[in-house]
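Please look at the sequence and the fold side by side while reading. The paragraphs below go from the sheet to its neighbours and then to some single residues.

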Amino acid sequence: MASQARTSELNKALSAGQFNAKDISEYLKQRLISGERADATVLLKALLLALNVFTTHEFQRLLALVPAQVQESTEVKPSLEVLREMEKHLERCTFEKFWESYEKRPSALPVPATFETSIRQSIARVLADSVVSVSCERLTKALNVNISALPNLLRDASITAVVDGQQVIFEKNEYNFPRASAVSTEKLTLQRSPTFACSITECP
């Protein structure tokens, strides 16, 4: 009964878009130790929401706790294949392809109502920490939105930016506009994002 209650509790939280990596990890570890299968719906929702924090690689950490026989099960495999593809495109900053993969997801893959908003904000933050400016066309494709939605989306993601003609200019920070950390005639060390950044050539 306690196991079912915990599964129900996690399912409810995930459906509301609430993702706690520690809670999910503990749940999967307990299932692994006991030999019980993790609930497929909880597992798939958790992996999907882990994409919202793709810069922390939580998707791979959680997947490592899922036995191969579960990953290959008919309940999980079709959705997991698409999730892996989506995660790959996020890691590579090929965001337009991410949305293409997302659109072909199986109907069996449960998608919390908040997911699309959250993943757009995550992508926008990565871009804001990677480049000083990007064309409106490329940004709208990366976020899969109309240009009219950009101001509110960036504001809700706590990103300071201005639209100048056909360009979106992000506020300079230590990641998108690195400066020398120390003045030296021998070597200049540039500050870089401690977590994740896509290169200019990789950005959409």
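**The sheet and its surroundings**

The model has an open sheet of 3 strands in the order 1-3-2, and the pairing is antiparallel. Strand 1 and strand 2 are the edge strands, each pairing on one side only. On average, neighbouring strands of this sheet are turned by 20° against each other, direction ignored. Axes are lines fitted to C-alpha atoms, for helices over the stretch in contact, and angles run from 0 to 180 degrees between N-to-C directions. Helices (H or I, at least four residues) and strands (E, at least two) are DSSP runs, numbered from the N terminus. Two strands pair if DSSP finds at least two bridges between them.

This is a predicted model, in which local features need pLDDT of at least 70 and side-chain atom pairs count only at pLDDT 80 or more, while totals for chains, interfaces and linings use all residues. Residues are numbered from 1 along each chain as its sequence is written, and side-chain values use heavy atoms, with hydrogens and water left out.

Which strands does strand 3 pair with? Strand 1 (residues 133–135) runs antiparallel to strand 3 and is joined to it by 3 bridges. In this pair, S133 stands opposite I169. Strand 2 (residues 161–164) pairs with strand 3 over 4 bridges, also in the antiparallel sense. Here A161 is opposite F170, and V163 is opposite V168. Strand 2 and strand 3 form a hairpin with 2 residues between them, and G165 in the turn has a positive phi of about 70°.

In a regular strand the side chains alternate between the two faces of the sheet. Strand 3 (residues 167–170) has V168 and F170 on a covered face, with Q167 and I169 on an uncovered one. Helix 9 lies across strand 1, strand 2 and strand 3, and runs at about 85° to strand 1.

Helix 9 (residues 136–143) also meets helix 7 (residues 95–103): their axes come within 7 Å and cross at roughly 35°. The contact (heavy atoms within 4.5 Å) is made by F95, E96 and W99 of helix 7 and by K141, A142 and L143 of helix 9.

Now to single residues. S135 lies in strand 1. Is S135 buried or exposed? S135 counts as buried because its relative accessible area is 18%; buried means under 20%, exposed over 50%, and partly exposed in between (1.4 Å probe, protein chains only). Leaving out residues up to four places away in sequence, S135 touches Q166 and Q167. The side chain of S135 also reaches the backbone nitrogen of R138 at 3.1 Å.

Most residues other than glycine have a negative phi, and most peptide bonds are trans. C93 has a positive phi of about 60° although it is not a glycine. C93 is placed in the loop between helix 6 (77–91) and helix 7, and is buried, with a relative accessible area of 1%. S158 likewise has a positive phi of about 60° and is not a glycine. S158 sits in the loop between helix 10 (150–156) and strand 2. S158 is exposed, as its relative accessible area is 66%.

C136 is buried, with a relative accessible area of 2%. How many disulfides does the structure hold? The structure holds 0 disulfides, a disulfide being a pair of cysteine sulfur atoms within 2.5 Å.

Notes: A polar contact is a pair of N or O atoms within 3.5 Å; within protein, one must be able to donate a hydrogen and the other to accept it, and residues adjacent in sequence count only if both atoms are side-chain atoms.
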